[in-house]
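Student: I have the structure open and would like to go through it with you. Can we start with the rings?

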Amino acid sequence: MIDRDQVLLESTATHRERVAAALLFGPLDERRKAPTNVKRFVVSVVLAAVACVGCLGFSFVVSLLDDRRQTQAVESLTAAMAANPLPETDTQVTDPGTGFLRDTTTGELVDPRTGYPVDEDTGYARTPDGRWQDPRTGWFVDPATGYLTDPASGVTVDPETMTVVKEDQ
């Protein structure tokens, strides 16, 4: 059941609040806020800034990882070229002219790390799949350009300048 006295007291309190607000803040037309999109604009600008920073961070990390991969490839090539152990056996002795092992039974040069035969003209070993390989480094060689390709990462390096060769060149 509706308590009429309670309704009257609440409506009187509401009227008093409205009159007090009108005295303090002015008429109702001036108190109402005009609908603006400022809040939406500010939120959109903040979200756009966060998206830009995310894209920038992602690009920075990808660039760092790519640079690290290329640097590691060049360092790996340098280390592989510096380390060239040539152990001798009874049937394979070091050839003084080339530094490779020469098989005394067949007379051919052999790569000491892989056992692949080495071409005496170029000094490159032929792998079983038909690719040329530099026996000193274990990297694949492009005979036309002289570039070396790391079999682990696929990075191609120019051994004369020790710089990474881009794939589009």
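Student: How many aromatic pairs does the structure hold?
Tutor: This is a predicted model, and it holds zero aromatic pairs.

Student: And what lies over the face of phenylalanine 140?
Tutor: Arginine 131 does, placed over the face of that ring at 3.8 Å from the ring centre.

Student: OK, switching to charges, how many salt bridges does a search of the whole structure find?
Tutor: The search finds one salt bridge, in which the side chains of arginine 69 and aspartate 66 meet at 3.3 Å, taken from N to O. Side chains of opposite charge can pair when their charged atoms come close.

Student: Where do arginine 69 and aspartate 66 lie?
Tutor: Both are in helix α3, three residues apart, which is about one turn of the helix.

Student: Which residues form the nonpolar patch on the surface?
Tutor: The patch is formed by Val38, Phe41, Val42, Val45, Val46 and Val50, which together have about 550 Å² of accessible area. Of these, valine 42 lies in helix α3, a helix that covers residues 38-82.

Student: Let's move to the strands. Where is threonine 156, and is it buried or exposed?
Tutor: Threonine 156 belongs to strand β9, residues 156-158, and it is buried because its relative accessible area is 19%, where the cut-off for buried is under 20%.

Student: What does the side chain of threonine 156 contact?
Tutor: Its side chain is joined to that of threonine 149 by a polar contact of 3.2 Å.

Student: What about the phi of methionine 162?
Tutor: Methionine 162 is not a glycine, yet it has a positive phi of about 55°. Most residues other than glycine have a negative phi. Methionine 162 sits in the loop between β9 and β10, the latter being residues 163-165, and at 27% relative accessibility it counts as partly exposed.

Student: Stepping back, how many helices and strands are there, and in what pattern?
Tutor: The protein has three helices and 10 strands, and reading along the sequence gives α-α-α-β-β-β-β-β-β-β-β-β-β.

Student: And what share of the residues is buried?
Tutor: Buried residues account for 21% of the 169 residues in the protein.

Notes
Residues numbered from 1 in each chain as written. Predicted model: local features only at pLDDT ≥ 70, side-chain atom pairs only at ≥ 80, totals over all residues. Heavy atoms only, no water. Phe/Tyr/Trp six-rings, centres within 6.5 Å; stacked < 30°, edge-to-face > 60°. Lys NZ or Arg CZ within 6 Å of the ring centre and 35° of its normal. Patch = residues over 30% accessible without salt bridge, like charges linked within 9 Å, V, L, I, M, F, W, Y side chains within 5 Å. Areas by Shrake-Rupley, 256 points an atom, 1.4 Å probe, with all protein chains shown as cover. Salt bridge = Lys/Arg side-chain N within 4 Å of Asp/Glu carboxyl O. Helix = DSSP H or I, 4+ residues; strand = E, 2+ residues; numbered from the N terminus. Buried < 20%, exposed > 50% of the residue type's maximum accessible area, 1.4 Å probe, protein only. Polar contact = N/O pair within 3.5 Å; in protein donor to acceptor, adjacent residues only side chain to side chain.
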